[in-house]
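I opened my notebook to go through this chain piece by piece. Here is what I looked up, in the order I looked.

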Amino acid sequence: SEPLLEVRGLKTWFDTAGGPIRAVEGVDLSIARGETFALLGESGCGKSMTALSIMRLLPAAGRVVAGEVRLGARNLLALPEMAMRGVRGRQLAMIFQEPQSSLNPVLSVGTQIAETLRRRGKGSHERRVLDLLDAVGIPDPPRRAREYPHQLSGGMKQRVMIAIALAGEPELLIADEPTTALDVTIQAQVLALLRDLQRRTGMALLLITHDLGVVAEMADRVAVMYAGHVVEQAPATAFFAQPAHPYSRKLFASLPNLGKRATRLAVIRGSVPSLAHEFKACRFEARCDYAWSACRETLPRWLEHEPGRRVRCHLYDPAQAGESLTDRDFV
Ligand code: SF4
Ligand code: MG
C-alpha cells in the first residue's frame, strides 16, 4: 500500500566557517500508516537532522540541499512555509528529548494545550484540554491543567508534550529520544503510553533512538543510520533475528545484555569519519572487520538483499563481493 511518508535522497548540510558538514547524505525511508518505525544510531549520525528536515525545523545553519519528503501527493520540502505550518501539528507532530525546552514556563499547562487546540483549528474547549491530559495518563486533570511546567516532574512534562502533539490529531508523531532524559521506570511508562496512544488513534510513530532495547520493545520496522547514511532497513523481527550490516552486528555485539532495559549503544573501536567531505568509499570501512579493497574504492549501493530488507554494504552486492560472498562466511 501507499506509504504515509516517504523520504527520498535527503541531503542536509550545515554551513560552517570551514565549509559544509554533510550531516545527512542521501537518506531514503518510507513509513506506513499506523506503524512504529525506529531510526537507530549513535549520537551525531544524522537521526535528529533527518527528523528536523522532515518537519522543516532545521536550525539556521542547516539546509536541505537535495531530496524529497512526500506526504501523500505533496513534497513537503517544496511547500510554502504557510502551508507547512498547517502540516506541522495537524499531520506531523514532533516531541523532543527535553520537554521543558518546548514548554512555555509562564503559561499554565491547560492554557498551552488550549492554545495549541485553537491553533490547530480544533476549538479550545476546556473539556477537550482535560480529555487530552487524561489520554496521556495525567492524574487529576483539572488540577494539573492549572499548574505551570516547573511544578511537573520530567515524566509529567513529557506527557504534557505528548498531549500537545496529539492536539492536532497527527497522522505521524516523530519522537526524538523521547525517554532518554527520564529514569528507567518513567521511560517504560512513557513508551507504554506511546504504544497505547498509537493503538487507540492509529497514528504512525517515527521513533528516534540510540537504544536497541527501545527498538526491540517498540518497533515494527527499523532503519540504522551511520555517519549520515541509512545503512540498513528491515522489519524489526528479521533485524533482531539477524542484523545484516556489519555496523548493526557491532551494535548487537557491544550490548552487555540485550533485553535489559536502558541498554545504551556502547562505543565501537575506531572513530566516526568526518562529514566535511564527500565520501568515495564505505563510511564504515575504518571500523569494519570485513573491509577489503572494494570498500576503500567504491561507495556501497542501497540494495534490496531480501524482500523488504535493504542494506548498504558490498558484502551483499554480487557485483562487488562475487565469489567472496561465500568465502567470507558472512551472509
Ligand atoms: Fe564493511 Fe565493506 Fe560492508 Fe563497508 S562495504 S560495511 S567496509 S564490508
Ligand atoms: Mg539527536
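This is a predicted model: local features need pLDDT of at least 70, side-chain atom pairs count only at pLDDT 80 or more; totals for chains, interfaces and linings use all residues.

**Entry 1**

I started with A163, which touches I113, L132, L133, A135 and V136, leaving out residues up to four places away in sequence. For contact I used C-beta atoms, placed from the backbone, within 7 Å of each other. Residues are numbered from 1 along each chain as its sequence is written, and chains are lettered from A and ligands numbered from 1 in the order in which they are written.

Which residues touch the most other members of the largest nonpolar core? They are A163, L172 and L206, in a core of 87 residues. Helix α6 (residues 154-166) gives the most to this core, with 8 residues. I took a nonpolar core as a set of buried Ala, Val, Leu, Ile, Met, Phe, Trp, Tyr and Cys residues joined through C-beta atoms within 7 Å. Buried means 20 or more other C-beta atoms within 10 Å of a residue's own, exposed means 12 or fewer, and partly exposed is in between, with C-beta atoms placed from the backbone. In soluble globular proteins, nonpolar side chains tend to be buried together.

**Entry 1: Helix α6**

Next I checked α6 itself. Its 13 residues reach 18 Å from first C-alpha to last, close to the 18 Å expected at 1.5 Å a residue; the expected span is 1.5 Å times one less than the number of residues. Helices (H or I, at least four residues) and strands (E, at least two) are DSSP runs, numbered from the N terminus.

Why is α6 largely enclosed by the rest of the structure? Because 12 of its 13 residues are buried.

**Entry 2: Around α6**

I followed the chain into the loop between α6 and β7, where A167 sits. A167 is buried, with 25 other C-beta atoms within 10 Å. Not counting residues up to four places away in sequence, A167 touches I113, T116, L117, R120, K122 and L132.

In α3, I found V109, G110, Q112, I113, A114 and T116 buried. The buried residues of α3 pack against α4, α5 (141-145) and α6. After α3 comes G121, with a positive phi near 75°.

For contrast I looked at T185, in helix α7. T185 is exposed, with 10 other C-beta atoms within 10 Å. Its C-alpha is 13 Å from that of M156, 29 residues apart along the chain. V106, in the loop between β6 and α3, also counts as exposed, with 8 C-beta neighbours inside 10 Å.

**Entry 3: Positive phi**

R56 has a phi of about 55° and is found in the loop between α1 (47-55) and β4 (62-71). R56 is partly exposed, with 17 other C-beta atoms within 10 Å. D140 also has a phi of about 55°, and its place is the loop between α4 and α5. D140 is exposed, with 11 other C-beta atoms within 10 Å.

**Entry 4: Ligand 1**

Which residues are around ligand 1? I listed P246, C282, F284, E285, C288, Y290, A291, C295, P300, C313, H314 and L315, where near means a C-beta atom, placed from the backbone, within 6 Å. By class the shell has 10 nonpolar, 1 polar and 1 charged residues. Ala, Val, Leu, Ile, Met, Phe, Trp, Tyr, Cys and Pro count as nonpolar, Asp, Glu, Lys and Arg as charged, and the others, Gly among them, as polar. C288 from this shell is 45 Å from A167, C-alpha to C-alpha, and 121 residues away in sequence.

**Entry 5: The whole chain**

Last, I stepped back. The protein chain has 13 helices and 12 strands, and buried residues make up 41% of its 331 residues. Its C-alpha trace spans about 65 × 45 × 40 Å along the principal axes.

Technical notes
Two residues are in contact if their C-beta atoms, placed from the backbone, lie within 7 Å.
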